[in-house]
Amino acid sequence: MEQDPSAPRAIAIYDLDRTVLRHATFTPFLIFAARRCKPARLLLVPVWVLAMAAYKAGLFSRETLKGFGLRLMLGRVDPRTLDDLASGFADRVVPHWIGPGAAQALERDRGEGRMLVLATAAMEFYAAEIARRIGFDHVIATRHARADGGHCRIEGGNCYGDGKVPRVEALLARLGLARSECHVRFYSDSISDAPLLDWSDEGVLVDAGTRGRQVAEARGWQVARFA
């Protein structure tokens, strides 16, 4: 469906983990990658579980946790291997992990002529592959760089929480779109995305529990069932 040129540019932004997909992706990717190219590192899974527990106890940040996980389970990896791993993981995920509600929402937003944007804390190298298979127009995700002879490290911060809003604003600027010219709908399963849910014209909290529904009602967000 073509948009009226005088109408606001319609955009639909989606979180990835437990929103478009029914599951989180980072730990499954680490295990997938280790199993495929460094099976001995599967013996380190208990160390990773302890690291996640330490994060939940507040001992370090999500960004630190993810950087540790990349070093622990991937070690040194060349760009071509990383691309192959990302592609193989995306093939495993799409379409099997896409929730029925997410599929319906994507179809509706495409039918409305909305530009589809994925905004996720997932690593860009595999999030972009997943997004390409689903048909997103743009991807905002956690970037990586190479350091220490081939280790992956996070670059530019974890794309999480209030870090998403400036990344979306930067995308609009690159596309030559003013915020006032856009109508933005954003879907997320997490209250941590409150800054972008509030920033959007339509914030949609997905698969919310009791507390989530209470927060959504108080802040004027819609609720939806995707799972």
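**Exercise 1. Strand E6 and its partners**

How many of the residues of strand E6 (residues 202–206) are buried? Work out also which strands pair with E6.

*Solution.* Before starting, note that this is a predicted model, in which local features need pLDDT of at least 70 and side-chain atom pairs count only at pLDDT 80 or more, while totals for chains, interfaces and linings use all residues. Residues are numbered from 1 along each chain as its sequence is written, and side-chain values use heavy atoms, with hydrogens and water left out.

Step 1. Helices (H or I, at least four residues) and strands (E, at least two) are DSSP runs, numbered from the N terminus. Buried means under 20% relative accessible area, exposed over 50%, and partly exposed in between, with a 1.4 Å probe and protein chains only. By that rule five of the five residues of E6 are buried, and the strand is mostly covered.

Step 2. In a regular strand the side chains alternate between the two faces of the sheet. In E6, Glu-202, Val-204 and Val-206 lie on one side and Gly-203 and Leu-205 on the other, and all of them are buried.

Step 3. Two strands pair if DSSP finds at least two bridges between them. Strand E5 (residues 182–188) is joined to E6 by four bridges and runs parallel to it, with Ser-188 opposite Leu-205. Strand E7 (residues 222–224) also pairs with E6 in the parallel sense, over three bridges, and here Val-204 stands opposite Gln-222.

Step 4. The chain passes from E6 through helix H10 (residues 210–219) to E7, and this β-α-β crossover is right-handed; a crossover has that hand if, with the strands pointing away from the viewer, the path from the first strand over the helix to the second runs clockwise. A right-handed β-α-β unit is likewise made by E5, helix H9 (residues 194–199) and E6.

**Exercise 2. Strand E2**

*Solution.* Step 1. Nine of the nine residues of E2 are buried, so the strand is largely enclosed by the rest of the structure.

Step 1. Met-115, Val-117, Ala-119, Ala-121 and Met-123 point one way, whereas Leu-116, Leu-118, Thr-120 and Ala-122 point the other way.

Step 2. E1 and E2 pair in the parallel sense over four bridges, and the residue opposite Val-117 is Ile-13.

**Exercise 3. Helix packing**

What is the angle between helix H3 (residues 45–56) and helix H4 (residues 62–73), and at what angle do helix H5 (residues 79–93) and helix H7 (residues 124–134) pack?

*Solution.* Step 1. Two packed helices are described by the angle between their axes and the distance between the axes. The axes are lines fitted to C-alpha atoms, for helices over the stretch in contact, and angles run from 0 to 180 degrees between N-to-C directions.

Step 1. H3 and H4 pack at about 175°, with their axes 10 Å apart. Angles under 35 degrees count as roughly parallel, over 145 as roughly antiparallel, 65 to 115 as roughly perpendicular and the rest as oblique, and H3 and H4 are therefore roughly antiparallel to each other. Contact means heavy atoms within 4.5 Å; the residues of H3 that meet H4 include Trp-48 and Tyr-55, and those of H4 that meet H3 include Phe-68 and Met-73.

Step 2. H5 and H7 pack at an angle of about 45°, with their axes 8 Å apart, and they are therefore oblique to each other. Among the residues that meet are Leu-82 and Phe-89 in H5, and Phe-125 and Tyr-126 in H7.

**Exercise 4. Backbone exceptions**

Where is the residue Asp-207 found, and which residues does a cis peptide bond join?

*Solution.* Step 1. Most residues other than glycine have a negative phi, and most peptide bonds are trans.

Step 1. Asp-207 is found in the loop between E6 and H10, and its phi is near 50°, a positive value in a residue other than glycine. At 25% relative accessibility, Asp-207 counts as partly exposed.

Step 2. Arg-18, in helix H1 (residues 16–20), has a positive phi of about 65° although it is not a glycine. Arg-18 is partly exposed, with a relative accessible area of 48%.

Step 3. The cis peptide bond joins Val-94 and Pro-95, with omega about 5°. Pro-95 has its place in the loop between H5 and helix H6 (100–111).
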